[in-house]
Amino acid sequence: MARQARAWQRMLSGRRLDLLDPTPVDIEIEDIAHGLAFVARWNGQTRGDWPYSVAEHSLLVEEIFSRANPGVAVRWRLAALLHDAPEYVIGDMISPVKAAVGPGYGELDTRLTAAVHLRFGLPAVLPVQVKKEIKVADRISAWLEAVQIAGFTQGEADRFFGRPEPGLARGLAIRLRPPAVVRADYVSRHAELLAGCI
């Protein structure tokens, strides 16, 4: 009898997350924050002495989303913070690699996203407009990262990510910080937003 391949990962919290059939009860914010703080954006091809982590990116996306949508419900700000949460177990792939991997990556991401959302009181699938606005903030963050730390010219960044409205990007600088510091800030911000949802 053939042995079935393992499709779960042990988390530092002790949880065992089934990657093919994730359940909300196996998701902990500390695991997400830890994983994202150690996952480098841009495959680590950034300037500086620290990698630019997905956790740091997520904090920036939530800030941009809030700027772009004043008065938005706190729960949608929480969704913005968690927009890349599945990457704590599946990593961050640049868009060309995602396209090459095919639909399997997207399906895995969708299942993990739904479990994360349900764990923290969000709908499994976000309203279309909210998802669209988070994507706008995500692209602005990508543009800032591209020109500030990833070696893109402004022209290249404009072509790939779209030039952001000046007001939304004004004064925002990419920060490179130790993973432990970013992890703590991510957990803290999550707690603030979650408390605001109650």
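This is a dialogue on how to read one predicted model, from overall fold to single contacts.

Student: Where do I start? Which helices and strands does the protein have?

Tutor: Start with the elements. This is a predicted model. Its secondary structure comes to ten helices and two strands. Along the sequence, the order is β-β-α-α-α-α-α-α-α-α-α-α.

Student: How does the radius of gyration compare with the globule rule?

Tutor: The rule gives a value for a given chain length, and you set the model against it. Here the radius of gyration is 17 Å, close to the 16 Å that the rule gives for 198 residues. The protein is therefore as compact as a globular protein of that length. For the outline, the C-alpha trace spans about 60 × 40 × 30 Å along its principal axes.

Student: What share of the residues is buried?

Tutor: Buried means under 20% relative accessible area. Of the 198 residues, 44% count as buried. The accessible surface of the protein comes to about 10400 Å². Carbon and sulfur atoms hold 56% of that surface.

Student: And what do the contacts say about sequence separation?

Tutor: Take contacts between residues at least 6 apart in sequence. Of these, 67% join residues at least 24 apart.

Student: Which residues does Ala-85 touch?

Tutor: Leave out residues up to four places away in sequence. Ala-85 then touches Ile-32, Leu-36 and Val-116. Ala-85 and Val-54 are 31 residues apart along the chain, and their C-alpha atoms are separated by 8.6 Å.

Student: Now the charged side chains. Why would two of them pair?

Tutor: Side chains of opposite charge can pair when their charged atoms come close. The structure holds eleven salt bridges. One of them joins Arg-177 and Glu-56, with the closest N and O atoms 2.9 Å apart. The pair links distant parts of the chain, 121 residues apart. Arg-177 lies in the loop between helix 9 (166-169) and helix 10 (179-197). Glu-56 lies in helix 2 (residues 54-68).

Student: Are Arg-177 and Glu-56 buried or exposed?

Tutor: Read each one separately. Arg-177 has a relative accessible area of 15%, so it is buried. Glu-56 is buried too, at 4%.

Student: Which residue does Arg-189 pair with in helix 2?

Tutor: Glu-62. The closest N and O atoms of Arg-189 and Glu-62 are 2.9 Å apart. This pair also links distant parts of the chain: Arg-189 is in helix 10, Glu-62 in helix 2, 127 residues apart. Arg-189 has 19% relative accessibility, so it counts as buried. Glu-62 is buried, with a relative accessible area of 4%.

Student: What does Arg-189 form with Glu-192?

Tutor: A salt bridge, at 2.6 Å from N to O. Glu-192 and Arg-189 are three residues apart in helix 10, so about one helical turn separates them. Glu-192 is partly exposed, with a relative accessible area of 46%.

Student: Which residues are joined into one network by shared partners?

Tutor: Follow the partners from bridge to bridge. Glu-56, Arg-175, Arg-177 and Asp-185 are joined into one network.

Student: Next, the rings. How many aromatic pairs are there?

Tutor: Look at the distance between centres, then at the angle between planes. The structure holds five aromatic pairs. Take Phe-152 and Phe-161: their ring centres are 6.0 Å apart and their planes stand at 50°, so the pair is tilted. Phe-152 counts as partly exposed, at 23% relative accessibility. Phe-161 counts as buried, at 18%.

Student: Which residues form the aromatic cluster?

Tutor: Trp-42, Phe-152, Phe-160 and Phe-161 form one cluster.

Definitions and conventions
Residues numbered from 1 in each chain as written. Predicted model: local features only at pLDDT ≥ 70, side-chain atom pairs only at ≥ 80, totals over all residues. Heavy atoms only, no water. Helix = DSSP H or I, 4+ residues; strand = E, 2+ residues; numbered from the N terminus. Rg over C-alpha atoms; globule rule 2.2 N^0.38 Å. Buried < 20%, exposed > 50% of the residue type's maximum accessible area, 1.4 Å probe, protein only. Contact = heavy atoms within 4.5 Å. Areas by Shrake-Rupley, 256 points an atom, 1.4 Å probe, with all protein chains shown as cover. Phe/Tyr/Trp six-rings, centres within 6.5 Å; stacked < 30°, edge-to-face > 60°. Salt bridge = Lys/Arg side-chain N within 4 Å of Asp/Glu carboxyl O.
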